[in-house]
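Dear colleague,

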Amino acid sequence: MEMEDRIRELTLLFGSTGIPVIAVHKERIVFVNACAIEAFDIVDTNANSLFESVSLNSVLSDDTETPVRRIYVKGRRYDIDVSVLDGIYIMMFRAALSASELRKHSEDILASIGQELRTPFTLIFSAINHLMPYTEDQSLDKYLSVIARQSYLLLRLSNNLIDVRRFNDPEEKLKLAYTNVGDFLMGICDEIIPLIGELEISLDYQCQDEDICTMVDRQKLERIVLNLISNALKHTDKGGSVALQLSEFRDNLFISVTDTGVGVANDKMSEVFRLSTDQRDDEEDCTGYGLGLIIVKEISEMHGGSVVLSNMEDRGTKVTVSLPIKPGRPDSVHSSLETPDYAGGFSHVLLELSEVLPTRCFSAARRTKHAGGVKPTDKH
């Protein structure tokens, strides 16, 4: 077949495709589609002028042990798929994502999955709530409690997948309200302590000053604390302890959660706040931090704060969140109508601690008692 016929075929196949395509024959460009012309600003037929740091032969040849398939063209990195047709090398270029682009792409995919999962979880919850009043058989209630707990787990995962992206969005706004943080944290502990009796892990709350007040997004602050406590309980054995501490220093408040768990390997310290982080210690039977600490880090930074993880001298870890103290007035409160409930009306405590709480906590009576989340009274 004549070269002109091959070029017509290539034009039909790739002329209007959305990725750059270039065909080379004997180091001469014989075909280039419109997308490639725009991307690479091609001005001559010399194929060697395309590549900035590698030879044309190293890209096209399969004879070498490691043919080049990722290159820079006009300052942009591309992955190249190469095929051969009657001596004509057809190169299809796919723009390689940068680290930040790849992270955003991953977050977009995860958020889409989380959004798709959320509706069926809500319907499962609704079905369970309709069944519970008609259930007098305790054994049936036990099975419904198992379903409820697993549903909370999946709803939490769905929320976290969505929020990993949402909290990175510059358009995401904080719903600030004047809050007595000491009272707020005490209210959270009062909700948790009755639920963790079976775990045989103590939860101690220590407050340096009962009148530490600041402007803060209450739902997000609650989420920070519940995620930190959930991680601490998850990695602490029976007979261990978890401590929640509040202190103030130089116009910053500090919320620390300390546990007597297995600790974090030194080479994992820098990874626990990153997407896809897994596990603490290979010798321990644990499943890692998941997305909880990523959420904590993002919420802290939204408030202008930070989070630090450290190992204790003897055993366990300490996670400290620092937030700037922002002055405000006691009447600076957002209406609940302006702050949608991220849990969809379900208990925030049961949701965020669903991975560590025993199944009995999700029985009909328990879930009714804890519906609606933490609502501590503020002192001004």
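A residue is termed buried when its relative accessible area is under 20%. The model is a predicted one. In it, phenylalanine 362 has a relative accessible area of 0% and is therefore buried. Its ring forms a tilted aromatic pair with tyrosine 152, with 5.4 Å from centre to centre and 50° between the planes. Because tyrosine 152 belongs to helix α5 and phenylalanine 362 to the loop between α9 (348–352) and α10 (364–369), the pair ties together parts that are 210 residues apart in sequence. Tyrosine 152 is likewise buried, at a relative accessible area of 2%.

A search of the whole structure gives 5 aromatic pairs. In one of them, tyrosine 78 and phenylalanine 93, the planes stand at 90° and the ring centres are 6.0 Å apart, so the pair is edge-to-face. Tyrosine 78 is in strand β4 (residues 76–85) and phenylalanine 93 in strand β5 (residues 88–95), 15 residues apart.

The side chain of aspartate 163 makes a polar contact of 2.5 Å with that of arginine 223. Beyond its neighbours within four places in sequence, aspartate 163 is in contact with Arg223, Ile295 and Glu298.

On the surface, Ile109, Ile113 and Leu117 form a nonpolar patch with about 230 Å² of accessible area together. Of these, isoleucine 113 lies in helix α4 (residues 99–131) and is partly exposed, at a relative accessible area of 41%.

Yours sincerely

How values were computed. Residues are numbered from 1 along each chain as its sequence is written. This is a predicted model: local features need pLDDT of at least 70, side-chain atom pairs count only at pLDDT 80 or more; totals for chains, interfaces and linings use all residues. Side-chain values use heavy atoms; hydrogens and water are left out. A polar contact is a pair of N or O atoms within 3.5 Å; within protein, one must be able to donate a hydrogen and the other to accept it, and residues adjacent in sequence count only if both atoms are side-chain atoms. Contact means heavy atoms within 4.5 Å. Patches are made of residues with over 30% relative accessible area and no salt bridge: like charges are joined within 9 Å, nonpolar side chains (Val, Leu, Ile, Met, Phe, Trp, Tyr) within 5 Å. Accessible areas come from the Shrake-Rupley method with a 1.4 Å probe; for residues, only the protein chains shown count as cover. A salt bridge is a side-chain nitrogen of Lys or Arg within 4 Å of a carboxyl oxygen of Asp or Glu. Helices (H or I, at least four residues) and strands (E, at least two) are DSSP runs, numbered from the N terminus. Buried means under 20% relative accessible area, exposed over 50%, partly exposed in between (1.4 Å probe, protein chains only). Rings of Phe, Tyr and Trp (its six-membered ring) pair if their centres lie within 6.5 Å; planes under 30 degrees apart count as stacked, over 60 as edge-to-face and the rest as tilted.
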